[in-house]
Amino acid sequence: MAPVARYSSEGGAMMAATWDFIRQFNAFADYSIGNLSQNATLVYLRLFAANNKIGRIEWFPMANDRLVAETGLTIPTINRAKRDLVKRGFIKYREGKKGSPTKYKLTILYDENLLTKRQMNINKIRKFVDLK
């Protein structure tokens with residue numbers, strides 16, 4: 001399961017999430033291999049991009065119609081992908097009521113104190129190159 005997300009709020013106003021775009025993207029690339037369908041990967045990446053555009057807030061809105069338009073998937077396929085993403089710890093979501101969009105929360109996939117597999121491999125390569 002992915003590490004727990006860390007967000008901050010002050011005086012009731014939502015602040016930008018503290019996650020790092022590149023580390024989150026790299027961790028997703030590592031954790032999703034062999035764990036997610038193409039559809040779940042596509043849905044996650046659209047959610048990731050949408051949340052990044054609006055400032056990486058803890059819970060962000062995205063209408064199902066927009067996901068359909070951006071992914072080319074049907075609502076039932078998107079719903080299966082969302083359930084898979086929840087089951088595997090990548091996202092949480094709250095269905096919107098009639099006329100309001102679904103709200104999503106992306107789980108932080110990296111640990112501030114741990115390196116991703118990709119970062120560990122890069123460090124190994126750097127050490128090897130430095131030895132020569």
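This is a predicted model: local features need pLDDT of at least 70, side-chain atom pairs count only at pLDDT 80 or more; totals for chains, interfaces and linings use all residues.

User: Which helices and strands does the chain have, and in what pattern do they follow?

Analyst: There are five helices and five strands. Along the sequence, the pattern reads β-β-α-α-β-α-α-β-β-α.

User: What share of the chain is buried?

Analyst: Of the 132 residues in the chain, 35% are buried. The accessible surface comes to about 8300 Å², and carbon and sulfur atoms account for 56% of that surface.

User: How many of the contacts join residues at least 24 apart?

Analyst: Take the contacts between residues at least 6 apart in sequence: 66% of these join residues at least 24 apart.

User: Now the helices. How do I describe two that pack together?

Analyst: Two packed helices are described by the angle between their axes and by the distance between those axes. Here, the axes of helix 2 and helix 4 come within 8 Å and cross at roughly 85 degrees. Helix 2 is therefore roughly perpendicular to helix 4, as angles from 65 to 115 degrees count as roughly perpendicular.

User: Which residues meet where helix 2 and helix 4 touch?

Analyst: From helix 2 come Asn39, Ala40, Val43 and Tyr44; from helix 4 come Thr77, Ile78, Ala81, Lys82, Asp84 and Leu85.

User: What is the idea behind a salt bridge?

Analyst: Side chains of opposite charge can pair when their charged atoms come close. The whole structure holds five salt bridges. In one of them, glutamate 70 meets arginine 46, with 2.9 Å from N to O. This pair links distant parts of the chain, since glutamate 70 is in helix 3 (residues 64-71) and arginine 46 is in helix 2 (residues 38-53), 24 residues apart.

User: Are glutamate 70 and arginine 46 buried, exposed or partly exposed?

Analyst: A residue counts as buried under 20% relative accessible area and as exposed over 50%. Glutamate 70 has 29%, so glutamate 70 is partly exposed. Arginine 46 has 28% and is partly exposed as well. Salt bridges also link Arg46, Arg66 and Glu70 in a network.

User: What does lysine 82 pair with?

Analyst: Lysine 82 forms a salt bridge with glutamate 95, and their closest N and O atoms are 3.6 Å apart. Because lysine 82 lies in helix 4 (residues 75-87) and glutamate 95 in the loop between strand 4 (91-94) and strand 5 (102-106), the pair ties together parts 13 residues apart in sequence. Lysine 82 is buried at 0% relative accessible area, whereas glutamate 95 is partly exposed at 48%.

User: What is the distance in the salt bridge of aspartate 84 and arginine 88?

Analyst: The closest N and O atoms of aspartate 84 and arginine 88 are 2.6 Å apart. Aspartate 84 is buried, with 17% relative accessible area, and arginine 88 is partly exposed, with 36%.

User: Where does phenylalanine 90 lie, and what does it touch?

Analyst: Phenylalanine 90 lies in the loop between helix 4 and strand 4 and is buried, with a relative accessible area of 4%.

Analyst: From C-alpha to C-alpha, phenylalanine 90 and lysine 105 are 8.8 Å apart in space, and 15 residues separate them in sequence.

User: Is leucine 109 buried or exposed?

Analyst: Leucine 109 is buried, at 0% relative accessibility, in the loop between strand 5 and helix 5 (117-131).

Technical notes: Residues are numbered from 1 along each chain as its sequence is written. Side-chain values use heavy atoms; hydrogens and water are left out. Helices (H or I, at least four residues) and strands (E, at least two) are DSSP runs, numbered from the N terminus. Buried means under 20% relative accessible area, exposed over 50%, partly exposed in between (1.4 Å probe, protein chains only). Contact means heavy atoms within 4.5 Å. Accessible areas come from the Shrake-Rupley method with a 1.4 Å probe; for residues, only the protein chains shown count as cover. A salt bridge is a side-chain nitrogen of Lys or Arg within 4 Å of a carboxyl oxygen of Asp or Glu. Axes are lines fitted to C-alpha atoms, for helices over the stretch in contact, and angles run from 0 to 180 degrees between N-to-C directions. Angles under 35 degrees count as roughly parallel, over 145 as roughly antiparallel, 65 to 115 as roughly perpendicular and the rest as oblique.
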